Amino acid sequence: MTLNYNASDALEMILSELCSKRLLVDKKYIAKISHESVGILVGEGWMMAMSYIGAYITASSTEVQPSSSPQRTLCVIKYALLLSKILSHLFHSALPTLLTEDGSTPSSAIVDQVYTAILEAVPALLRFLEERIGSNDKDVGRNAPVHDKEAIAGDLDTLLDVLGSLVVEVQHAHPLPCSRFVGPFLDMFYSNLMRAVSSQIAVNGQVSEVAPTALTAPECFLMCAMRFLANIVSCSHYMPDEEANEAIAAMRSETISSSGDRRVITSRGDTIIDRVAIQTIVQTVWFDFFTEDRLRQLADVSIKHFMILSAERLDEWEADPESFVITESQRNVDDDLAACAQNLYLSLVESKAGKPIIAPLVVTMLGDIGSQLNAAKIEAGEVTADAGNRNVLLWNSIYTAAGLSVNVLIECEGFEIDTWFEKTLVPCLASILQGRNKVNVLPVLRHRLVWLICCIAHCISDTKTALQVLISIINNEPSSLNDVAVRLGAVEALTSILNVHYDLIDEFYHLLEIIISSLYRLVNDCTEINTRAQSLSCISLLLFHVVASGRKVDYATANAAVQPLPALWEVATDQNILLRRDVLSILSGVGLAVGRTQVGHLYPIVLPMINSSLDPSCQDRDVCLVEDVLALWLNLLRLATSYELHWESLFSRVKDILEQDLEHLKILMLITEGYILLGGASFLNAHYSTLQNILILVVGQTKPRGAAYTALVFEALLRTFPVEGGTLLLQGGIMRTMLSSCALNYQNNSACEPERVIVLYLTAIARSLLGNPALLDETLPITSTSNEGVTLSYGPRELIHMYIVMFKGIESNSNGALHKKLWLLLMLSLLPPTPSPTVYSTHLLQMMDQLLEICLSVLAHQPASSNPEPYDVGFDSEEETIETGKDAYRAMLDVEAKKDITNTADVQSAFQLKMAGLASTLGNDVYQLILSTVEPVILQQLERIVNQTA
């Protein structure tokens, strides 16, 4: 036995790992193992162990003493458990390969044998364990020691769970191959589930004041039963509607095999589909089993028995309301009875057959206004009842069902959600909130009704009343009747309403300071990060509603929102560090809500937070917060009205972040642009070298989208400081980097950057040369190596030729108009006469025909008074737009744009001035010789345009 057990234990661990893999080779290997081993595992191990357990159970339920020792019994049960897990792995991964439609293969017969044995074993185990639950002495083997009794009972309970889970999970994974077993297991699970409910009522009778009845059946079985029933109801392969039936849809699709074996690909893998088999399972499920009475019964017991708050959950709530809230939010069908009941109820009420039966059933329950008001008065302490809080707990369960299925209920004929909200829910809440109950009772209905408001927020009209109720709960003093669980529920509901409705500012604007203070009080009453973050997020949402309405907050409200944040920031470390994200969000909201004139009051609090969060040497720095910190930095920078010392000391963090990686390049370039726009000469004098180092880190190192954001910095710098900016780029080697990329592109080198990046480089070079035409005299020419290994030169002629050649390829958008005007202004400015000779003039004269053609294209299609918009990075569908402080940013940009050469210079005037100066500088003969290289029609059209606008 020991050898077999150890070998099986090793096999189970291997299969557990293999079954988690998704590669086809792994699946084929598991299928091979299944065919080779399932016969031995079942025939020589599992069936023998199950027979032994069956005999033991039979003997334990009679006067006959079991023949084996408790230790051997324990070993056999553990062996059966292990083999059951192995079979579960094999069936879950390879059942379709073990079954054939006629049941003729040995593996198919073995699968049938396993399912038949499980069908017999589960009721026997269930009865055995039910007797133990109902027995005071918990007798399991009369002569066994107490610890052996408990161990045997515990392992049998686990075996029951494993066998039930095998049936549930394999059916869920392979609904069509399992269809042959569905009917018998539906009957078995349903009959034993209903028997457990009947036993529960019979044993407990009238429910106690504290909690509903105790379970008389193992919880693991009840969960398996409800999961199985829910899976069958929800299974798309069993749908009676042919249009909704996935199996039939697969048969009609192109995924069906051409070999004639009816193998098709479905969402659960490939399988063999037979229309007759589908019709049979549909008949079994929806016509033979799920009758109207059974649908109604299942919904009724789910709501009135298994959704009822248990004594354990009520004790947990009383001991720690916050922990109760967190646990409730994390319950799932794998390990919680109430969650299984909710899942079963939802599956039933949302099914095509169940909806017309169960939805009216729940609506009828909700129509009992008297019972609901009575439950509310019981909780409020206004009336007492013989059944204690049974009515309260029952309505808590009914309200849970209503909230889960509200979208189905509002479609039910005769149910008006607004009427029910006004005539029932609001009066019940009012009765509870106005009650004078001094008894220390749990606020069960108060909590559930608040949760229900959260569920129905999207479909009620009277959101103002709901909002007022929630705010009153949040603002009320904490007590046993208004505990953390209730207030957290109110915060969740308030958040839900504010996320759906954007016109409620008048309902809370005058109470904003009080609400924010109450929310911070709730933050202090909580200890877990999720619950604390919930209240902080609500504060952010309230502030952004204020901003969206165009209103401002006063000093008192702003102070209430900001004052607690430094302390929160300091304690938000280690596992709580993500709370800092909420702190940053609130600060951003306050900044927008107080406006540009008052935002400076935030600097002493905010800027140190930003600095420490971005400091590479700071030990509590969290990289997850960097994006949020940068967004806040950009927001405040754009809201600023003047450049102050606060800002100056922070700028070096841009370089610190870029030295680590370029992940945050986009927003860092926006911040750098903002510094130049805000600080101007003061900023440039203080951070000349820092800015230079930043551009060294990014130019030539980014993707085209990153280069587009870097161009924002070029524009901000060179638009206002073309001379100083050009020198900065040249001295830092940035200009050479851009020229090298232009050279590679000009020479069609495969290593060159895309043309849209080259256009940005040429524009930056153009702005620099407009400020200082001699800037590149010592830099050009530069050399590069062609793809064939030939050394090539890129000098003034190539640069000018590149402007002319690429001019026509510039896109016709706002940025294109800006680039074209700058390039043309540059080329016209380099024509004689110039204040001093340039290295470009001769080359431009040699390309006069192409230059004048460009002049014609611009003057013919661009009004003389038109000015291009400032450079914009545009919108990339794959990225999020940065809307932070955009209005303030646009206002600042418009001021700078008015001083830009693209707005102060006129192309036609520059053209006329240069053409007149060219004739006098070169002399008439040379001038005419140059013009002779130009197409006469171009000269005629230029002359006509000039004369028309003269």
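This is a predicted model: local features need pLDDT of at least 70, side-chain atom pairs count only at pLDDT 80 or more; totals for chains, interfaces and linings use all residues.
Asp-574 sits in the loop between helix 26 and helix 27. Its phi is positive, about 55 degrees, although Asp-574 is not a glycine.

**Next, a second residue of this kind.** Jump to Asn-748, in the loop between helix 35 (734–746) and helix 36. Asn-748 is not a glycine, yet it has a positive phi of about 55 degrees. With a relative accessible area of 64%, Asn-748 is exposed.

**Now zoom out.** Of its 950 residues, 53% count as buried. Among contacts between residues at least 6 apart in sequence, 77% join residues at least 24 apart.

**Go inside.** Which residues have the most contacts inside the largest nonpolar core? Select Trp-46, Phe-91, Phe-290 and Trp-647 to see them; the core itself has 330 residues. Helix 32 (residues 665–698) gives the most to this core, with 16 residues.

Leaving aside residues up to four places away in sequence, Trp-647 touches several residues, among them Tyr-603, Leu-607, Trp-633, Tyr-675 and Leu-678.

Select residues 555–562, which form helix 25. Which of its residues are buried? They are Thr-557, Ala-558, Ala-560, Ala-561 and Val-562. These buried residues pack against helix 23 (512–525), helix 26 (565–571), helix 27 (579–594) and helix 28 (603–614).

**On to a hairpin.** Strand 3 (residues 782–785) and strand 4 (residues 791–794) pair in the antiparallel sense over 4 bridges. Find Ser-784 and look across to Leu-792, its bridge partner in strand 4. The two strands form a hairpin with 5 residues between them, and Gly-789 in the turn has a positive phi of about 90 degrees.

**Last stop: two cis peptide bonds.** Select Leu-780 and Pro-781, which are joined by a cis peptide bond with omega of about 0 degrees. Pro-781 is in the loop between helix 36 (755–771) and strand 3. Finish at Pro-832 and Pro-833, where a cis peptide bond also has omega of about 0 degrees. Pro-833 lies in the loop between helix 38 (814–830) and helix 39 (841–846).

Methods. Residues are numbered from 1 along each chain as its sequence is written. Side-chain values use heavy atoms; hydrogens and water are left out. Buried means under 20% relative accessible area, exposed over 50%, partly exposed in between (1.4 Å probe, protein chains only). Contact means heavy atoms within 4.5 Å. Two strands pair if DSSP finds at least two bridges between them. A nonpolar core is a set of buried Ala, Val, Leu, Ile, Met, Phe, Trp, Tyr and Cys residues joined through side-chain atoms within 4.5 Å.
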